[in-house]
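Good morning, and thank you for joining the group meeting.

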Amino acid sequence: MKLVIAIVQDTDAPGLTKALLERGFQSTKLASTGGFLREGNTTLLIGLEDEKVPEVLELIKEKCRTRTRLVSRGLPFAEAPDPFLVQPVEVQVGGAVVFVLPVEHFVKL
């Protein structure tokens, strides 16, 4: 057995959890916060058989696309030593961070 830990953007989570359920995969949803943009993420815990891992990874890849977004660097315009420091910057968001861990023992009570 494996435990898939998928950290996805909050906006991608509903579509992913729906797709997982439609394919018969159960998941546990945890709220989490990202470090870089300090925005909400969803961490999904998915327990499954080894041979099902590629199917779940493909669903994650399909439902959690990367995209670009403009973000400000956080300095107020009046305090910026250079006006270009407060110009929005294009960053890549979305996608997923996925860990696949071996499960030594599993019990459902």
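First, the basis of the description. This is a predicted model, in which local features need a pLDDT of at least 70 and side-chain atom pairs count only at pLDDT 80 or more, while totals for chains, interfaces and linings use all residues. Residues are numbered from 1 along each chain as its sequence is written, and side-chain values use heavy atoms, with hydrogens and water left out.

Let me start with the overall layout. The chain contains two helices and six strands, and along the sequence these follow the pattern β-α-β-β-α-β-β-β. Helices here are DSSP runs of H or I with at least four residues, strands are runs of E with at least two, and both are numbered from the N terminus. Of the 109 residues, 27% count as buried; buried means under 20% relative accessible area, exposed means over 50%, and partly exposed lies in between, with a 1.4 Å probe and protein chains only. The chain exposes about 7700 Å², of which carbon and sulfur atoms supply 55%, the areas coming from the Shrake-Rupley method with a 1.4 Å probe and, for residues, with only the protein chains shown counting as cover. As for contacts, defined as heavy atoms within 4.5 Å, 70% of those between residues at least 6 apart in sequence join residues at least 24 apart.

I turn to the sheet. Four strands form an open, antiparallel sheet in the order β2-β3-β1-β6, where two strands pair if DSSP finds at least two bridges between them. The edges are taken by β2 (28-33) and β6 (96-102), each with a single partner strand, so one side of each has no neighbour in the sheet. Neighbouring strands of this sheet are turned by 20 degrees against each other on average, direction ignored. For such angles, axes are lines fitted to C-alpha atoms, for helices over the stretch in contact, and the values run from 0 to 180 degrees between N-to-C directions. Strand β1, residues 2-9, pairs with β3, residues 40-48, over eight bridges in the antiparallel sense. Within this pair, isoleucine 5 stands opposite leucine 45 in β3.

Next, the helices. Helix α1, residues 13-22, lies across β1 and β3 and runs at about 15 degrees to β3. Helix α2, residues 53-63, packs on the sheet and touches β1, β3 and β6, its direction making about 170 degrees with that of β6.

Which residues of α2 are buried? They are Val53, Val56, Leu59 and Ile60. These residues lie on the same side of α2 because they cover an arc of only 125 degrees around the axis, the arc being that of the directions from the helix axis to the C-beta atoms. Their packing partners are β1, α1, β3 and β6. On the other side of α2, Pro54 and Lys61 are exposed.

I now come to the charged pairs. A salt bridge here is a side-chain nitrogen of Lys or Arg within 4 Å of a carboxyl oxygen of Asp or Glu, and by this rule there are three. In one of them, lysine 2 pairs with aspartate 50, with the closest N and O atoms 4.0 Å apart. Lysine 2 belongs to β1 and aspartate 50 to the loop between β3 and α2, so the pair ties together parts that are 48 residues apart in sequence. Lysine 2 is partly exposed at 22%, as is aspartate 50 at 38%.

Another salt bridge joins glutamate 22 and lysine 18, at 4.0 Å from N to O. Both residues lie in α1, four residues apart, about one turn of the helix. Glutamate 22 is exposed at 60% relative accessibility, and lysine 18 is exposed at 54%. There is also a salt bridge between lysine 63 and glutamate 62, whose closest N and O atoms are 3.8 Å apart.

Finally, two further residues. Aspartate 12 sits in the loop between β1 and α1 and is buried, with a relative accessible area of 9%. Leaving aside neighbours within four places in sequence, aspartate 12 contacts Lys63, Cys64, Arg65, Arg67, Gly94 and Gly95. Glycine 94 is found in strand β5, residues 89-94, and is partly exposed at 30%. With the neighbours within four places again set aside, the contacts of glycine 94 are Gln9, Asp12, Arg65, Thr66 and Arg67.
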